[in-house]
Amino acid sequence: MIVLSVVPSPVVVRAPSKVNLHLGVGDLRADGYHDLTTVFQALSLSDDLRLAPAASLTVRVTGEGAAQVPTDRTNLVWQAAVALAHLAGRAPLVEIAIAKGIPVAGGMAGGSADAAAALVGLNELWDLGLGRDELASVAAELGSDVPFALHGGTALGTGRGEQLLPVLSRNTFHWVLALAKDGLSTPSVFRELDRLREEGDPPRLGDPQKLLQALAAGDPHALAPLLGNDLQAAALSLKPELRRTLRAGVGAGALAGLVSGSGPTCAFLCETEQAAIAVAAELAGAGVCRSVRTASGPVPGARVLDHEAH
Ligand code: ATP
C-alpha cells in the first residue's frame, strides 16, 4: 500500500491595524485594569503573516520596526499558536513569518493584529473548521485588542475593549498616520493618566452616541470634531513633541488629528483620499515625525489572502 502524506501549502493572512475613534478610560479598578468605552476602526495599514508547516514552532519578523519585535514565546503569535494547538490537541509545528507594516508599540495594536491573523491562518492551515465565535474566545484570552482585530470593520468595545458590538459605518474614511521615532509602552501611558488624574482632573470624554451617529451618516466633517481619546493627555505628557505633530497635520489640511490608542502614532482624518495624499506629503516634509502613511477604513478583520502554491 502506498501512503501519501499531503503537506498543506502555506497560508498568507492579512492583519489590519486599528485606530480608536473614541477611547473613554474609566478609573483604575482594584484589579489594575481600567474600564474602557471605545469605538475601534480597522485600517488598511497592515501586517502580512505567512504560516507554513515546520518541524518546530518558529517566528521570523521583517519590515517596519522588526528589530523591536521578539521572536520567542513573548511574541503574541507564538502564544496564539500554542493556544490554538492546545485546543486542537496537536503540536504547534509551524513557521510564522511576519512582514510588519504596522508601527511597533505605536498604539495601533500591531501585536494583537498578528495574534488574530495567526488564529485565522492556523485554523485554515490545520483545517480545524473552527467558527469565528470559537476563535474569538481564544482571542480574548490572548489580549483585549485581539478580538477586535479578528472582527474588523467598526465596533464598539466595552469591558477592557474585548466585548464588541458591531457599529454601522457608511462610506470609507481616509486617514494619514504620522509614525513616531520611538514607541510608547501601553502600561506606562495608563500609569501616566492615573498620575494626571491624581494631580488634577483632566477632562473626560462623554458617551460616544453622537460619534456613532456621524459614523452611520458616513460624514467625515461631522465625525472630525467628535474624535477623542482620554489617553491623549497622558501620551502628550510623556511625549510633548506630539503636540507639534498634531498641529502640523491639521495645519496641512486634515479635518482633525488625535493620538491613536496609547500613541505615539498620530492619526489624521481627511476629507477625501486626494486630501489624505496631500496632507501626507506636507507632513512628511515638516520634520515632525519619522514617517507618514495613508490608510483607509473600515477594512475587514484578519483574513486569508491566499493559499500559496507549492
Ligand atoms: P497595544 O495593542 O497595547 O495598543 P501597541 O499597538 O502600542 O500595543 P504593539 O505593536 O502591539 O504595540 O507592541 C507592543 C509590544 O508587544 C512590543 O513592544 C513588543 O515587544 C511586543 N510584541 C509581542 N508580539 C508582537 C508582535 N507580533 N508584533 C509587535 N509587537 C509584539
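The crossing of helix 1 over helix 2 is right-handed. The model described here is a predicted one. Helix 1 spans residues 76-88, and its axis comes within 8 Å of that of helix 2, at a crossing angle of roughly 35°. On the helix 1 side, the residues that meet helix 2 are Leu76, Val77, Ala80, Ala81 and Leu84. Their partners in helix 2 include Gly111, Ser112, Ala115, Leu119 and Asn123.

Helix 2, residues 110-125, also packs against helix 3. In general, a pair of packed helices is described by the angle between the two axes and the distance between them. For helix 2 and helix 3 the angle is about 145° and the axes are 10 Å apart. This crossing, too, is right-handed. Helix 2 contributes Ala115, Leu119, Val120 and Asn123, which meet Arg132, Leu135, Val138, Ala139 and Leu142 of helix 3.

An unreviewed UniProt entry places the feature "domain: GHMP kinase N-terminal" at residues 75-153. Over this stretch the chain is 58% helix and 9% strand, and its end C-alpha atoms lie 25 Å apart.

Under "active site", the unreviewed UniProt entry lists Lys18 and Asp145. The two are spread over 128 residues of sequence but cluster in space, with a largest C-alpha distance of 9.3 Å. Both Lys18 and Asp145 belong to the lining of the largest pocket.

Lysine 18 is part of strand 1, residues 11-28. Its relative accessible area is 7%, so lysine 18 counts as buried, the limit being under 20%. Beyond its neighbours within four places in sequence, lysine 18 is in contact with several residues, among them Phe40, Gln41, Gly107, Ala109, Asp145, Phe148 and Ser260. A polar atom of the lysine 18 side chain lies 3.2 Å from the backbone oxygen of glycine 107.

Aspartate 145 is located in the loop between helix 3 (132-142) and helix 4 (146-151). With a relative accessibility of 25%, aspartate 145 is partly exposed. Residues up to four places away in sequence aside, aspartate 145 touches Lys18, Phe40, Ala109 and Ser112. Phe40 and Ala109 are also among the contacts of lysine 18.

Backbone geometry was examined next. Most residues other than glycine have a negative phi, and most peptide bonds are trans. Alanine 109, which is not a glycine, has a positive phi of about 60°. This residue sits in the loop between strand 4 (94-100) and helix 2, and alanine 109 is buried at 17% relative accessibility. Asparagine 171 likewise has a positive phi, near 70°. The loop that holds asparagine 171 runs between strand 6 (163-166) and strand 7 (173-179). Asparagine 171 is partly exposed, its relative accessible area being 48%.

One joins glycine 263 and proline 264, with an omega of about 5°. Proline 264 falls in the loop between strand 9 (256-259) and strand 10 (266-270). The other runs from glycine 297 to proline 298, with omega near 5°. Proline 298 lies in the loop between strand 11 (291-297) and strand 12 (303-307).

Key:
Residues are numbered from 1 along each chain as its sequence is written. This is a predicted model: local features need pLDDT of at least 70, side-chain atom pairs count only at pLDDT 80 or more; totals for chains, interfaces and linings use all residues. Side-chain values use heavy atoms; hydrogens and water are left out. UniProt positions are given in the numbering used here, feature names are shortened, and annotations may be inferred rather than shown by experiment. On a 1 Å grid over the protein atoms alone, a cavity is a set of points where a 1.4 Å probe fits but cannot get out, and a pocket is an open set with protein on both sides within 12 Å along at least five of seven lines; lining residues have an atom within 4 Å of a point. Helices (H or I, at least four residues) and strands (E, at least two) are DSSP runs, numbered from the N terminus. Buried means under 20% relative accessible area, exposed over 50%, partly exposed in between (1.4 Å probe, protein chains only). Contact means heavy atoms within 4.5 Å. A polar contact is a pair of N or O atoms within 3.5 Å; within protein, one must be able to donate a hydrogen and the other to accept it, and residues adjacent in sequence count only if both atoms are side-chain atoms. Axes are lines fitted to C-alpha atoms, for helices over the stretch in contact, and angles run from 0 to 180 degrees between N-to-C directions. A crossing is left-handed if the near helix is turned anticlockwise from the far one by less than a right angle, and right-handed if clockwise.
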